[in-house]
Each structure stands twice: as structure tokens, then as C-alpha cells.
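Here's a quick tour of a structure for you to follow along with. Keep the sequence and the 3D view open while you read.

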Amino acid sequence: MRLHAYGKLLKFKIKNFLAIGEKETFAEILEIIRLAEKANASLSKMLEKPDRETLEIENEDVRLLEKKADEITFRIKGDIENGAISSNILDNLLACVDAADSIVDNCYYVSRELNRMAGLRLDGGRSEHTVGLDASLTKMLKLAADALAMLETSLTSDGLEKILELRTDVQRIEEEGDNIKDAGFDKLYAIAPLVHYLQFMHFSELLHKFDDILDACEDISDLIVTITTSISR
Amino acid sequence: MVQLWELVSAGVFLAVALVSGNNLSACVGTAIGSGVVSRRFGTALGVAGYVVGLLAQGSSMAAAAQALLPHQSDFTASAALFITVAIFIFGIAARVPLSLTMSLVGALAGISVAGRLPLNHAFALTVVTTWFLAPVLAIVATFMLFRVLSTFKPKDVWLTVRIYKALLIGLSFFTAYTLGANTLGLVVAIGAFSPLNISLAVSAAVIGPIYFSRAQLRRVGRDFFSLRYSNALVTLLASTVLVEVATLFAIPLSNTQTLSAGIFGAGVSYRHKYFSSRSFFVVVASWVAAPLLGFAIGLIL
């Protein structure tokens, strides 16, 4: 009986010893990234089909995803503090978790904004003048989906070369997003006299938030490189 | 009436307890700080290293004790041990890193000179030369090793981390082992390798880390040893090899001296570095002050 207990304790100790806290944290961050991908897909649906029903259903989905991301974030932060993790990368891991959580937060903010705007009698904030802006937002969401997929690969990758390669790709996507955002603002200011000030604010807010999502993706890819380089070299 | 041999045993116990508690952080601080092992497991690992080192190789330091304090009596042995304990406690209180090994060697030499004992000058010179050479070697070794490691591009990040962590545990044990063999071995050798002194030293090596290491471990584990795995490995490896080689030649060498120098070597190997010159010079000054203080007090008493 006692031998069995010692055997179990030894098995637990060996398992614990083999555990890599940093890798486990990456797996937990991956959970948030997957939630972000789902939230991003919901936003795409909301932009594609901005009818009342779709907006409400997707908004509710994003709300639940955001809640779940918050719970995971809280859990990961506790795990990081108590895990088998080098103390010199604690801050980087925490920043990585916060950046991933901020993506889902921003998605929820955007979904509420889309839903709120649909409640006004301004055609969901859309008019013939804002068609180009809708296309810009859709492009930015597509870029975010690509960047999130790359982060997913990066977080599960074993190779430093691959992680560095993915970081370059995410950086390129972020730059592309910046250009779309700038072009979007140029257009928004050009049509400013023709749209309601709420429409102006609405598109300005969405362009900023979509850019924030891409910035967060870039930050995460940078942090993944910093962390993996720091612990393995 | 307290007998002199009781004072010697008390001195052995106190010195071993203090040095094993205070230096535990240097041996296993990296492993605990990086979360590789828990504080309790790390403490047990350090204690095991001390005890195995003391029992396996500690007796080789008897030659050093004999060379530095010939014809030692209970009086001279207890005087040397209590001078060292006093200097060590003063160092802890003043927050100055004074090495027990260095002050003990200084005290032994001081007592020998004062008592006109036939001090082995050639051996004393070898010890002092080693103290000059060891930090330089530690700096060069960690610098070179880290430069070599920096060029290594791991194919599998997580396998590399797993290997680093396993090596870190092994090296933490061996660092404690060399401290047990060299420093603790020298302390016990001063009082003679009797069953009583060995038992007291083993008990002190267990009690010291439990009572005198908690605050140090917390601070050193999280702050001082916030090193990369590779830095920590290289530093511990260089320090352990140097102290082990010194032990094989029965030369007293401070683990903290080689570790501090190793950390400096790992630090300067970076292309971009921020160097706290004040901290470094305080540590270097303490390497000179500790033996001189021990020598002066030994001479006066």
C-alpha cells in the first residue's frame, strides 16, 4: 500500500520534472488564439450580412467567447506565476497572454459597436459613400484571420527557424493592415461632409480597432520569438 | 567548564550551518528561480550534494588544513573557526559578501604566523595564486562557452529546454557537492575528521539550509539568478569544474568567488550589456578583504 503511494508520488515527480512550463503556457495561449479566430469569423459574418438577426446572434457568440477568454487569461496568469518557468521571461509570457486576450476584447468591442450602430436608423451605419470602407474592413479581418492562423502555427512549432519565418510573415501582414487603415482614413476624411458624424465615428473606431487586433498579433509573434530565443539559446 | 574540544565541535557545527545555509542559494538558486524544482526539492538537492561531497571528498582537505595550520591544537582550531564565524556573521549583517573559505584560510595563516608555526609558504602561495587565477579562468571559460552556445541554433526548442532543465538539476547538485567537498571539508578538517565532527557537520548541513537559506533563496532565486538557462548552465559548469579541480589538489576555493566571476563572464559575452561597476567592485573588494581580515584577527588573537 505504502509502496504504491511512493510509486505514485515518484511518477508524479518525474512527470512534473519533464513538464516544460513555457510550452504548457504556449498551449494555454493557443486556446485564447483559437477563441480569437472564432470571434474574428463572427465579425466577418456580421460585416457580410449585417441584418438584425445575424448581428444579434454573432454578438452573443462573441460575448461568450470574450467571457471564456477572460477566464482562461485569469487561469494562465496563475499558472505562469506557479509554473516551471524561467523568471526572466515571466513578464514576456504575461504580456503575451494580455495581448492575446486583448484581441478577443477588441473583437467584442467591435461586435457591440456593429450591433449598436444597427439599432440606429442609419442603415447600420452604411450608405453608398461607405462601400469602399466596408471593403477595407473586410480586408483587415481577412488579414487578422491569416495572422491568427500563423500565430497558431507559431505557438505549436518546435523549430526556431519556423517561428522566425512566421514572425516576418505576421509583420508583413501588419504592415499591409496599416496601409489599408491609412487608405481607409483617407477615404473616411474625404467623405466626411457626406456622412452622419456617428457614421464617421463608427468607421474611425472600427479602423482603429481592427488595426489594434493586427498590432496585437504582431506583438504576440515578437514575444514568441523573444521567449523561445531566450530559453533555448 | 567547557572543554576546548567542545568549542571546536561547536565551531564546526556553527560554521557548517552558516555556510551551507547562506550558500544554498548559490548552488540551487538558479534551479529554484527558474521553477525547475520547488524550494523544498531544491533544498533537499543542495543538502544531498553537501553531504555526499563532504563524505566522499571532504577528507582530502585535511592536507590543506595541515599545511596552513601545522601542529594544530584544539585552541588554535577553535580560534580559527570562531574568527571565521564572526567574520561571516559580520558580512551577513553588513550585507557584504565575505567568503567563509577565504576568511578561514586567512585566519589559519594569521594564527600560524602569530604562533610561529611552520606554515607551508609554498602551499599558501599556491592558494593565493589560485584565488587570482580562478576568477579569471571562470570569466574566460563562461565567456567562451557562452559564445559557443550562442552560435548553436536549436532545431527543437522544447527538447533543448528539457535538456537544459535536466542539466541544471544535475549541475545544482554538483555545485553543492563541490561546496561540501571543499569548503565544508576544510571546516571539518580544522576540527579533525572524527565521527563526532562528521556527524555534527552532516546535521549542520541539513539544519543550516532549513533555517538560514529561506530569505536568500527567495531573493537570489528570483532576482539575482534571473539568468537564461544557458547562462546559468555555463556559470554553474565553470564554477563546479574549477572548485572540483581545486579540491583534487586540496586547495581551498570559494564557490561564490567562481560563481560571481562566472556570472560576470556570461554577462560580458553579450553584445549589448549594462554593467553595474559598483556591485562588481564590491564583490572583488570582498575577495581581498575577507582573507586579510581573517589574517589580521588571527595574527592579533
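Two residues are in contact here if their C-beta atoms, placed from the backbone, lie within 7 Å. Helices (H or I, at least four residues) and strands (E, at least two) are DSSP runs, numbered from the N terminus.

This is a predicted model, where local features need pLDDT of at least 70, side-chain atom pairs count only at pLDDT 80 or more, and totals for chains, interfaces and linings use all residues. Residues are numbered from 1 along each chain as its sequence is written, while chains are lettered from A and ligands numbered from 1 in the order in which they are written.

**Helix 2 and helix 4 of chain A**

- Helix 2 (residues 21-48) and helix 4 (residues 90-118) of chain A pack at an angle of about 15°, with their axes 9 Å apart. Axes are lines fitted to C-alpha atoms, for helices over the stretch in contact, and angles run from 0 to 180 degrees between N-to-C directions.
- That angle makes helix 2 of chain A roughly parallel to helix 4 of chain A. Angles under 35 degrees count as roughly parallel, over 145 as roughly antiparallel, 65 to 115 as roughly perpendicular and the rest as oblique.
- Helix 2 of chain A passes helix 4 of chain A in a left-handed crossing, meaning the near helix is turned anticlockwise from the far one by less than a right angle (clockwise would be right-handed).

**Zooming in on Met46(A)**

- You'll find Met46(A) in helix 2 of chain A.
- Is Met46(A) buried or exposed? Met46(A) is buried, because 26 other C-beta atoms lie within 10 Å. The cut-offs are 20 or more other C-beta atoms within 10 Å for buried, 12 or fewer for exposed, and in between for partly exposed, with C-beta atoms placed from the backbone.
- Met46(A) and Ser111(A) sit 65 residues apart in sequence but 7.7 Å apart in space, C-alpha to C-alpha.
- Leaving out residues up to four places away in sequence, Met46(A) touches Thr54(A), Leu55(A), Glu58(A), Ser111(A) and Leu114(A).

**Chain A as a whole**

- Chain A has seven helices and zero strands.
- Of its 233 residues, 42% count as buried.
- Among contacts in chain A with a separation of 6 or more, 85% come from residues 24 or more positions apart.

**The nonpolar core**

- The largest nonpolar core has 158 residues, and Val16(B) and Ala80(B) touch the most other members. A nonpolar core is a set of buried Ala, Val, Leu, Ile, Met, Phe, Trp, Tyr and Cys residues joined through C-beta atoms within 7 Å.
- Helix 8 (residues 157-191) of chain B gives the most to this core, with 17 residues.
- Not counting residues up to four places away in sequence, Ala80(B) touches Leu69(B), Leu104(B), Ala107(B), Leu108(B), Ile111(B), Ile190(B) and Gly298(B).

**Helices of chain B**

- Helix 2 (residues 24-33) of chain B is largely enclosed by the rest of the structure, because 10 of its 10 residues are buried.
- Just after helix 2 of chain B, Gly35(B) takes a positive phi of about 75°.
- Helix 11 (residues 229-248) and helix 12 (residues 255-268) of chain B cross at roughly 140°, and their axes come within 9 Å. That makes helix 11 of chain B oblique to helix 12 of chain B.
- The residues of the contact of helix 11 of chain B with helix 12 of chain B divide into seven nonpolar, six polar and no charged.

**Two loop residues in chain B**

- Arg116(B) is in the loop between helix 6 (100-114) and helix 7 of chain B, and its phi is near 50°, a positive value in a residue other than glycine.
- Arg116(B) is exposed, with 7 other C-beta atoms within 10 Å.
- Ala192(B) is in the loop between helix 8 and helix 9 (195-212) of chain B, with a positive phi near 85°.
- Ala192(B) counts as partly exposed, because it has 18 C-beta neighbours inside 10 Å.

Definitions and conventions. Nonpolar A, V, L, I, M, F, W, Y, C, P; charged D, E, K, R; others polar.
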